[in-house]
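Here are my comments on the model you sent. Please read them with the sequence and the coordinates open.

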Amino acid sequence: MSFICFEYDLWDMRASADIGDCGSMAEIVVRNLRKEFGAFTAVQSSDFVVADKEFFMLLGPSGCGKTTTLRMIAGLELPTSGQILIDGEEVGQKPASQRDIAFVFQMFALYPHLNVRKNISYPLISQGMHRSEIQEKVLEAAKLLGIEDILNRPVSGLSGGDRQRVALGRAIVRNPKCFLMDEPLGALDAEFRERMAGELRSMHDQMGATTVYVTHDQREAMQMGDRIVVMNHGVIEQIGTPQDIYDYPATMFVAEFIGSPPMNFLFFEDTLAPEADTITLNGQSISIRPVSTAGRGSFAFGVRPEHISFDDMSPYRGRIDATEYLGTTQIVTMTTPNGSLKARLAADIKIIVGDSVGLAFRKELVTIFDCESGVAVTSSPDQDRQRNG
């Protein structure tokens, strides 16, 4: 129970604005942030800016450093080095109670002996707020979350979804500068989790809040985030909008981690010149986005399943090994001279296992990676825009 008590240190702060209008600026700036636990480095020199009112996702596999980063922003962990600024104020070495943030945990951390109303009102009671004002704020939060009808019920008998709404209500009732959420939907079943994700994003938009949200679920990140940080082994692999990260992955890790099925890799040896816009696969010239970094050695031709089509005129061919019917689409698995790949095709396309088919690729969405570094060597969207004036 000491963990629950520690969480409420976060709530013992001053309320500032009406629910539905988090009016104070809440830009979060992280500069060269690093966290070491003895010989282990959990976060390595992270740099990013969360804009005011942005829904910002920290995404990555277990142990990548995303939760440690969030806890440093919250003040639950102190950084080994680097800076954290909230609303222009350096808070990296300040305790959680001086940061005006609200933290929502995955496992709710509610007081089981209190009803819904008392759980939501607890942070306001601890501030000594007048009873009438507390009642007004609790009711506003309950209406926003659609839980007015359960305010007098004990939390111990609530469903997982309702308990998560109560935890969110206890956070938003204070109107903090920003919300920090550590996999708040992780304990819910898949169907309800997707619905709650939509409701949570809608609530964020209504409040005009700044939210930093940790998840390992790439679908959740793509559904809710304005921008996404993808982390791996304590290192930021890429920062960008969901579309940019999906269409233009900066590393092979991002390409594999985002997408279901993930990006295909076809491997080849070549020498790439600056601005080259073709590569050679099995003796066939394939168009790609221009190369931004020249090199020689082993490369991977990266293409998403839905960016592959059948083309009888194409000299580059693959053999169909299997197909998986998904209703409106099908996933077709093929073997090529450069490796296996999966294509997402319309369900009405006739597939015959064992057939040889010509393959076409959307060149503007093909990414070439250096296999040694794992880094993309084709141009980014920003470089394309600069090239085109």
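1. Two terms first. Two strands are said to pair if DSSP finds at least two bridges between them. Helices (H or I, at least four residues) and strands (E, at least two) are DSSP runs, numbered from the N terminus.

2. Source and numbering. This is a predicted model, in which local features need pLDDT of at least 70 and side-chain atom pairs count only at pLDDT 80 or more, while totals for chains, interfaces and linings use all residues. Residues are numbered from 1 along each chain as its sequence is written, and side-chain values use heavy atoms, with hydrogens and water left out.

3. Overall layout. The protein has 10 helices and 20 strands. Its C-alpha atoms fill a box of roughly 75 × 45 × 45 Å along the principal axes. The protein is divided into domain 1 (2-246) and domain 2 (261-388); these bounds come from an automatic or database domain assignment. The C-alpha centres of domain 1 and domain 2 lie 39 Å apart.

4. Of the 389 residues in the protein, 51% are buried. Here buried means under 20% relative accessible area, exposed means over 50%, and partly exposed is in between (1.4 Å probe, protein chains only). Contact means heavy atoms within 4.5 Å. Among contacts with a separation of 6 or more, 68% are between residues 24 or more positions apart.

5. Surface and charge. The protein exposes about 17,200 Å², and carbon and sulfur atoms supply 49% of that area. Accessible areas come from the Shrake-Rupley method with a 1.4 Å probe; for residues, only the protein chains shown count as cover. There are 37 positive and 51 negative side chains, and the centres of the two sets lie 4 Å apart. Lys and Arg count as positive and Asp and Glu as negative, with His and the chain ends not counted. The place of a charge is NZ of Lys, CZ of Arg, CG of Asp or CD of Glu.

6. Strand β16. What are the partners of β16 (residues 317-325)? One is strand β19 (residues 356-361), antiparallel to β16 and joined to it by 3 bridges. In this pairing Arg 317 stands opposite Gly 358. Another is strand β17 (residues 329-336), which pairs with β16 in the antiparallel sense over 6 bridges; here Arg 319 stands opposite Thr 335. β16 and β17 form a hairpin with 3 residues between them, and Gly 327 in the turn has a positive phi of about 95°.

7. Strand β6. In β6 (residues 101-104), Ile 101 and Phe 103 point one way and Ala 102 and Val 104 the other, and all are buried. β6 pairs with strand β7 (residues 178-182) in the parallel sense over 4 bridges. Ala 102 stands opposite Phe 179 in that pair.

8. Helix α2. Is helix α2 (residues 66-74) largely enclosed or open? Because 7 of its 9 residues are buried, α2 is largely enclosed by the rest of the structure. The buried residues are Lys 66, Thr 68, Thr 69, Leu 70, Met 72, Ile 73 and Ala 74. Gly 75 follows α2 and has a positive phi, near 95°.

9. Thr 41 is in strand β2 (residues 40-50) and counts as buried at 18% relative accessibility. Leaving aside neighbours within four places in sequence, Thr 41 is in contact with Arg 34, Lys 35 and Glu 36. Glu 148 is in the loop between α4 (131-145) and α5 (160-172) and is partly exposed, with a relative accessible area of 39%. With the neighbours within four places again left aside, Glu 148 is in contact with Leu 139, Ala 142 and Lys 143. Glu 148 and Val 49 are 99 residues apart in sequence and 36 Å apart in space, C-alpha to C-alpha.

10. Backbone points to check. Asp 87, in the loop between β4 (81-86) and β5 (89-90), has a positive phi near 55° although it is a residue other than glycine. Asp 87 is partly exposed, with a relative accessible area of 33%. Asp 100, in the loop between β5 and β6, also is not a glycine and has a positive phi of about 50°. Asp 100 is buried, with a relative accessible area of 17%. The peptide bond from Ser 260 to Pro 261 is cis, with omega near -5°. Pro 261 is in the loop between α9 (252-257) and β11 (264-272).
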